Amino acid sequence: MRPNPIVLESELTTYPDKLLARWGDEAAKRKQADAPGLLDPYEGEYDFDAVVDRKDTNSLKFDFARERGVPEGLLPLWVADMDFPAPKPVLDRLEALSRHGIFGYTEAKEDYYAAVAGWFARRHGYEPKRQWLKKAPGVVFALAMAIRALTEPGEAVLIQTPVYYPFTGCCLDNDRVPVSSQLVLKDGRYEIDFDDFEKKLVEGRIRLFLLCNPHNPIGRVWTEEELKTMGELCLKHGCRIFSDEIHCDFVFPGHRHLVFGALAPELADLAIVATAPSKTFNLAGLQIANLFVANPDLKSAISQEIRRTGYSQLNAMGLLACQSSYERGEPWLDRLMAHLKGNLDYARDFIQKRLSPLKLIEPEGTYLLWLDCRALDLTPDELNRLILEKARLWLDDGPIFGAGGEGFQRINAACPRKTLSEALERLAFALA
Ligand SMILES: Cc1ncc(COP(=O)(O)O)c(C=O)c1O
């Protein structure tokens, strides 16, 4: 066990810790007391290779095949949640709240904001001010709110396909027109065609750009130069930016996530930066996101749109899990990242050796593998059938990510090695 490098024991008097001290299980309290100064007394006990049965937990990934129109009994590696329990200190605190037993209206206090801001300062070198923070029940919810607050029906919104499908869906559902400046695959790496990007901004008189960084599904972690170029083009043409940074904590060695709001004050002024603990700590079902909006007019526009929906307080479990994760989840995340890097190395090797002619697009971030299956020369329908019927896998089919997704499949690698290995073996069987 290593000494706690970040939070002094004397400072751990925040709401989650007080809850544990009063309502926590005796064993959890003892564990905490036995490890003074430790951020996570369970560090070293996590086993990301343990297979946890998720069947019959109403899991979207495991329990909704029929409802979603795919055959039963497939191995699911589609929706982006992980097959791992959240960090133990987070579970202990959620349990303490449940033991208390009253789930009345709750709000966040200053220690919540300190936990969120502390995380971004420590992990990303970004220091958001207290007044920039706006809570929301999800990043996709916030994306829809931004579309409604910053554009009018019938207007175009800029996206970069292939991209996480709600980017298109939220535009269409709100009567906006998604316009894509398609990413260009060059020597196995996706790039931005900046001439096309600017042309689309101008031609579409675009006032809102939906940025995905790190980019799901293609795994790029955009560089400072790329981000600044996109930002400056938006500044030049009067376009705001919704920067979806939900995957920001999943970045592989050699790459660095840059928070869009940290690039330059004039760029921060254009942006809504959307973050969440939900991917990082596997809390998606608790529905919580944190937006950073430095520009007060922009913040008031999105806040008003959220208010219009009738949404006010977030759910108590989500707030508690978010704060506990940012206060206590760091050692767990460091171990998780080592596991995910191991999975990536394993998958890369397997694909090279056993899945020819398929190719992995090397991810710089996210836990998603973007698999280039174009060399199989199948129609989109044939490829999808091969995956579902022959490999008996439930993956995300490339075309759902929009133009440029044809011939690709997305595999969620946030699972025990055994699950990943089983999935890749099934693919090898289907290709044989
Ligand atoms: C890029 C991206 N944004 C947002 C989300 C979902 O966010 P939320 O559950 O907070 O709406 C996902 C989930 O896969 C995602 O990949």
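In the predicted model, helix α2 spans residues 26-34, and its buried residues are Ala28, Lys31 and Gln32. Viewed down the axis of α2, these buried residues fall within an arc of 95°, so they line one face of the helix. This arrangement can be set against helix geometry in general: an α-helix has 3.6 residues a turn, so residues three or four places apart point the same way. On the face of α2 turned away from the buried side lie the exposed residues Glu26, Ala27, Arg30, Ala33 and Asp34.

At the level of the whole chain, the secondary structure consists of 15 helices and 15 strands. The radius of gyration is 22 Å, which agrees with the value near 22 Å that a compact globule of 432 residues would have. Along the principal axes, the C-alpha atoms occupy a box of roughly 60 × 55 × 40 Å. Buried residues make up 45% of the 432 residues. Among contacts with a separation of 6 or more, 74% join residues 24 or more positions apart.

Methods:
Residues numbered from 1 in each chain as written. Predicted model: local features only at pLDDT ≥ 70, side-chain atom pairs only at ≥ 80, totals over all residues. Helix = DSSP H or I, 4+ residues; strand = E, 2+ residues; numbered from the N terminus. Rg over C-alpha atoms; globule rule 2.2 N^0.38 Å. Buried ≥ 20, exposed ≤ 12 C-beta atoms within 10 Å, placed from the backbone. Contact = placed C-beta atoms within 7 Å. Arc of directions from axis to C-beta.
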